[in-house]
Amino acid sequence: MNDTMLIALYAFTGAAASGLAGAGALYLIRRRSLTASLAVVAAVGVVAMLAGTLAVARAMFLSAHDLTVVTTVVAMAAVVSLATALLLGRWVVARSRALAVAARSFGDGGDFTAPDGPATAELESLSRELAATSARLAESRQRERALETSRRELVAWISHDLRTPLAGLRAMSEALEDGVAADPDRYLRQMRTEVEHLNDMVGDLFELSRIHAGTLPLAPTRMSLYDLVGDALAGADPLAREHGVRLVGGRIEPVPVEVDGKEMSRVLGNLLVNAIRRTPADGTVAIAAERSADGVVLSVTDGCGGIPEEDLPRVFDTGWRGSHARTPPAGAGLGLAIVRGIVEAHQGRATVRNIPGGCRFEVVLPTAAS
């Protein structure tokens with residue numbers, strides 16, 4: 001074996017022994033600070049070099065003076081390496097602790113703010129991920145607060161709307177029971193009307209609960225928009241006559257769509273009833289259906305005078321009724337929330353915007369496949 005191979009063998013043997021000892025030390029302190037691990041890594045490098053040097057020196061029979069010189073040089077390198085490793089470790093640990101303190105704000109409902117100062121690429125990437133998570137949590141908290149507000153409003157309005165017909169039913173039933181009703185048949189008819197109103201309200205709540213739970217059953221069939229709109233106009237015509245509102249069904253293109261006929265009729269019915277109730281007498285409610293680049297657009301235009309800009313984002317929220325001037329005499333603000341839920345279940349979207357003299361509700365549905 002030549003000298004080079006022999007030197008390499010001795011150096012590798014000494015370095016390997018140091019490396020195994022360092023691996024054992026790292027395993028023992030694996031739960032300790034990063035500073036200690038960096039110190040061990042630096043020490044392993046220096047000790048491995050020293051062990052290899054000493055092994056080669058003894059094999060080469062260097063003089064004691066030369067061996068001392070080599071050992072001194074390695075020792076100085078060890079001091080510098082350890083000092084550098086300790087400084088790096090302390091800096092990384094300090095940055096990590098600052099990052100941990102900033103991350104604690106998540107639990108307090110605050111926003112994450114990355115610590116100032118330079119950081120390693122890994123810590124910088126972690127800071128960006130924490131900032132993105134903070135933004136998502138903030139949006140989630142905002143949605144949760146909005147939903148909670150909507151639930152409280154819904155409970156309050158439902159309680160009010162239930163109290164009124166129940167009080168009327170109680171009064172009329174007591175009058176019939178005591179025999180003081182001047183016209184029992186009229187009382188019975190009124191009681192039936194109130195019961196139907198309560199039944200409709202319970203049906204709306206049940207429908208909304210299925211929508212929110214994602215269990216709304218749909219049976220899509222291919223049908224023409226012309227037939228769908230025609231049925232909706234026929235159903236809303238008596239209410240329009242009662243309120244003195246003109247119904248106009250112009251620009252109805254016979255475009256085929258694949259929808260659940262029952263649920264989509266409910267969408268159009270809710271939109272038409274909402275528009276009729278908010279349009280003054282002698283006003284006009286128009287419904288249209290036409291193709292667009294996004295699919296098929298169903299629109300209902302009323303003469304309500306417009307919706308305040310600050311209320312537009314909440315129009316389809318559960319329990320929304322708008323200002324007192326726009327509050328109808330009946331209903332718990334569920335109709336438009338049901339509209340949005342049914343439309344989204346059909347992979348569509350529902351929107352609203354103000355136009356001169358009123359507002360325009362639009363339902364966009366995908367076009368049926370050819």
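A: Let's start with a definition: Ala, Val, Leu, Ile, Met, Phe, Trp, Tyr, Cys and Pro count as nonpolar, Asp, Glu, Lys and Arg as charged, and the others, Gly among them, as polar. Keep in mind that this model is predicted.

Q: Thanks! How do the residues lining the second largest pocket divide into nonpolar, polar and charged?
A: Rolling a probe the size of a water molecule over the atoms shows where empty space is left. Here, the second largest pocket has a volume of about 420 Å³. Its lining holds 17 residues, and Leu147, Ser150, His212, Thr318 and Arg340 are the closest to the centre. Eight lining residues are nonpolar, four are polar and five are charged.

Q: Which helix gives the largest share of that lining?
A: Helix α4 does, with seven residues. At least two residues each come from α4 (121–178), α5 and α8.

Q: What describes the way two helices pack?
A: The angle between their axes and the distance between the axes. In this model, α5 (residues 184–213) and α8 (residues 335–345) have axes that come within 10 Å and cross at roughly 40°. The crossing is left-handed. On the α5 side, Asp204, Glu207, Leu208 and Ile211 make the contact, meeting Ala337, Ile338, Gly341 and Ile342 of α8. By class, this contact has five nonpolar residues, one polar and two charged.

Q: Finally, is Leu20 buried or exposed?
A: Leu20, in helix α1 (residues 3–28), counts as exposed because its relative accessibility is 67%, and exposed means over 50%.

Notes. Residues are numbered from 1 along each chain as its sequence is written. This is a predicted model: local features need pLDDT of at least 70, side-chain atom pairs count only at pLDDT 80 or more; totals for chains, interfaces and linings use all residues. Side-chain values use heavy atoms; hydrogens and water are left out. Axes are lines fitted to C-alpha atoms, for helices over the stretch in contact, and angles run from 0 to 180 degrees between N-to-C directions. Helices (H or I, at least four residues) and strands (E, at least two) are DSSP runs, numbered from the N terminus. A crossing is left-handed if the near helix is turned anticlockwise from the far one by less than a right angle, and right-handed if clockwise. Contact means heavy atoms within 4.5 Å. On a 1 Å grid over the protein atoms alone, a cavity is a set of points where a 1.4 Å probe fits but cannot get out, and a pocket is an open set with protein on both sides within 12 Å along at least five of seven lines; lining residues have an atom within 4 Å of a point. Grid points are joined across faces, edges and corners, and a volume is the space filled by probe spheres set on the points. Buried means under 20% relative accessible area, exposed over 50%, partly exposed in between (1.4 Å probe, protein chains only).
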